[in-house]
Amino acid sequence: MLTGHRTWIFKNKPAIISTGTVGGPFEANGNIPNDFDLLHDDMWLKQSTFEKAQQTMMEEATQIAIKNSLIEKEQVNFFISGDLINQITPTSFTAKTLDIPYFGLFSACATSMESLALSAFLVNSNGADYILSGSSSHNAATEKQFRYPTEYGGQKPPTAQWTVTGAGCALVAKEGDGPRITSATIGKIVDMGMTDPFNMGGAMAPAAVDTIETHLRERDVDPSYYDLIITGDLGHIGREVTIDLLQKRNVAVTEENVKDCGLTIYREGQPVLAGASGAACSAVVVYGHFLNLMKQQKLNRILVVATGALHSPLSMQQSDSIPCIAHAVSIESGSDLQ
């Protein structure tokens, strides 16, 4: 099952039997509104705080994923998820509502693929029959914690990114209809000494490069094995840096086969600067848009590389650099599964 130093091969190929994706009003006006199960027209979702609104979206995403499957909630063994807010309270409070055994994770914007990798590992090794795997974020809640409350109207540099308001969840099972999770490469911390919290793409790109290069080497496949290599939220800057670094290391990626969720979710003209970010970014785009393309047989093999900046308000106040990580999960469909 372990190949190389940090890549898992899932011989039993756990299936993603259903998904649930929820977004806010900004996402409803974006590039892929038809790939969401539910879109809200209000950032507050009739809640008293933005954090509670984020919790509501995560609850909705899990409920939709279960509803879209053929099982009952009581059959789900574990809920594995996380978010960006202090002590991952929106996710933990969602777990309280769900009343399902719970693993809480924090890998910032890489949480979606960390949770999917761990879910697949447990299901593949007969540690569970069904697992809900997901992540969420809220633009206003994240801005308030990591930068400045949106009410301040603070000006941002062109390198900044827009946190997605949304939640995405996948229901992973031993068997069933749906694309299969075939492998995962667990990331390690890469810290290039960057300290600018308004340039997350640039900070995370080296971590993405390290994980992609490791995954291809340890699986002994070429980039062309995948229809697309999909990064989480590198944005314009991080994606360009990633492609450039990979090509300099003789990894044969191209502009065409490296896509970024942070450049997929919003349309041209939306004021997102360098692109989208947030723990929900890769979750809603992959579980909505890209899995829909797989269902339509437009894609057969994808490698999803979710990237995360593991800083905190405290670490920034203490002038620490930004440690970053990237987790990769391969999702495949069709008759040519390996």
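Predicted model: local features only at pLDDT ≥ 70, side-chain atom pairs only at ≥ 80, totals over all residues.
Biologist: Is S115 buried or exposed?

Modeller: Buried means under 20% relative accessible area. S115 comes out at 0% relative accessibility, so it counts as buried.

Biologist: What is S115 in contact with, leaving aside neighbours within four places in sequence?

Modeller: I80, L105, S133 and G134.

Biologist: Let's move to helix 7. How does its span compare with what it should be?

Modeller: You count 1.5 Å a residue, so the 14 residues of helix 7 (235–248) should span 20 Å. The end C-alpha atoms are 20 Å apart, which agrees.

Biologist: Which residues of helix 7 are buried?

Modeller: G235, G238, R239, T242, I243 and L246. They cover an arc of only 130° around the axis, which puts them on the same side of helix 7.

Biologist: And what covers those buried residues?

Modeller: The cover includes helix 6 (200–219), strand 12 (258–260) and helix 8 (261–264).

Biologist: Which exposed residues sit on the face turned away from the buried side of helix 7?

Modeller: E240 and K248.

Biologist: What about the backbone just after helix 7?

Modeller: Look at N250 there: its phi is positive, about 65°.

Conventions:
Residues numbered from 1 in each chain as written. Heavy atoms only, no water. Helix = DSSP H or I, 4+ residues; strand = E, 2+ residues; numbered from the N terminus. Expected span 1.5 Å × (residues − 1). Buried < 20%, exposed > 50% of the residue type's maximum accessible area, 1.4 Å probe, protein only. Arc of directions from axis to C-beta. Contact = heavy atoms within 4.5 Å.
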